[in-house]
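Please examine the sequence and the structure shown below. The report that follows describes selected features in turn.

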Amino acid sequence: MYDSFNRRISYLRVSVTDRCNLRCTYCMPEQGISMLPHSDILTYEEILEVIRVSVAMGIDKVRITGGEPLVRKGLVPFIAKVAAIPGITDLGLTTNGILLEEFALPLAEAGLHRINISLDTIDPVKYKWITRGGDLEKVLKGIQAAQDAGLKPVKINCVIQNSSDEPDATAVREFCLARGLEARFIHQMNLGEGSFTIVENGHGGDCERCNRLRLTANGKIKPCLFSDLEFDIRRQGIKQAIEQAVGMKPEKGLSNTTGFFHNIGG
Ligand code: SAM
Ligand code: SF4
């Protein structure tokens, strides 16, 4: 699939839930979110059908995200079904790592290729503050479990305020270097203000080379994180929603006033 700016669209990011077991300061309000009613959230069967149709249209890279994907029941058998779709050459997951100690091996056995784990600091007190209550020890065990399970690469997503040389980021980089983990530094963004920059060591935020579509937990195909455009797979049909999203994918991101990281999946 090519969009109107001749970018090949080959990457689908799938948010399987808007729920999360953390409340990161930059992602969610403290009081939590008004969650989608269960009937609005796509079933795994519906998500699988969207992935199958998009793979038939040219998607070959899929990433599962959230909210926190590991809080949705039945994720491991779902991953096994995604992994069995012929044509997917790259299947990844983004997680906060809190539940990963338990799930890393089953996910690897189900056919997950790679994993990104979010970690902004290795100071347990600061971690608890940023995530409003998260236990760093659990994430560290989750990271180890992912490496032990043979997931490769294991990447660490670190949100930074100003620079990847700030103290927390430097400590995360050193932690990663010592353990054979790849660190990626993401400037904290504000979707509504349209403040975004490229991801250091990654591909996000580079509009000229953007190859992405997103599927929200309630079935909207979004052609751009920094735009309000979305196409409803239940109302319009899967193929039509994808075609329209690709056809109208903006040249550059501007701002998103209706969505949030926790329901689009970053
Ligand atoms: N819960 C999972 C996690 O935290 O990895 C997956 C979903 S989370 C929305 C995906 C990524 O978005 C995480 O790496 C998180 O740090 C990032 N993120 C959330 N809010 C952000 C913001 N305001 N600016 C930049 N990155 C953000
Ligand atoms: Fe949850 Fe991930 Fe958002 Fe943190 S960044 S609140 S872990 S969805």
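## Terms and basis

A polar contact is a pair of N or O atoms within 3.5 Å; within protein, one must be able to donate a hydrogen and the other to accept it, and residues adjacent in sequence count only if both atoms are side-chain atoms. This is a predicted model, in which local features need pLDDT of at least 70 and side-chain atom pairs count only at pLDDT 80 or more, while totals for chains, interfaces and linings use all residues. Residues are numbered from 1 along each chain as its sequence is written, and side-chain values use heavy atoms, with hydrogens and water left out.

## Thr94 and its surroundings

The side chain of Thr94 makes a polar contact with the side chain of Arg63, at 3.1 Å. Thr94 belongs to strand β3, residues 90-95; helices (H or I, at least four residues) and strands (E, at least two) are DSSP runs, numbered from the N terminus.

Thr94 counts as buried because its relative accessibility is 11%. Buried means under 20% relative accessible area, exposed over 50%, and partly exposed in between (1.4 Å probe, protein chains only). Leaving aside neighbours within four places in sequence, Thr94 is in contact (heavy atoms within 4.5 Å) with several residues, including Arg63, Ile64, Asn116 and Asn157.

## The chain as a whole

The secondary structure of the protein chain comes to nine helices and nine strands. The radius of gyration, taken over C-alpha atoms, is 17 Å, close to the 18 Å that the globule rule (2.2 Å times the number of residues to the power 0.38) gives for 266 residues, so the chain is as compact as a globular protein of that length. Of the 266 residues, 53% count as buried.

## Ala83

Ala83 lies in helix α2, residues 75-83. With 32% relative accessibility, Ala83 counts as partly exposed. Not counting residues up to four places away in sequence, Ala83 touches Leu91, Ala110 and Gly111.

## Backbone features

Most residues other than glycine have a negative phi, and most peptide bonds are trans. A cis peptide bond joins Lys152 and Pro153, with omega about -5°. Pro153 is found in the loop between α5 (136-148) and β5 (154-160).

Two residues other than glycine are described here for a positive phi: Asn6, near 65°, and Arg132, near 55°. Asn6 sits in the segment before β1 (11-15) and is exposed, with a relative accessible area of 60%. Arg132 is in the loop between α4 (124-130) and α5 and is partly exposed, at 31%.

Definitions and conventions: Chains are lettered from A and ligands numbered from 1 in the order in which they are written.
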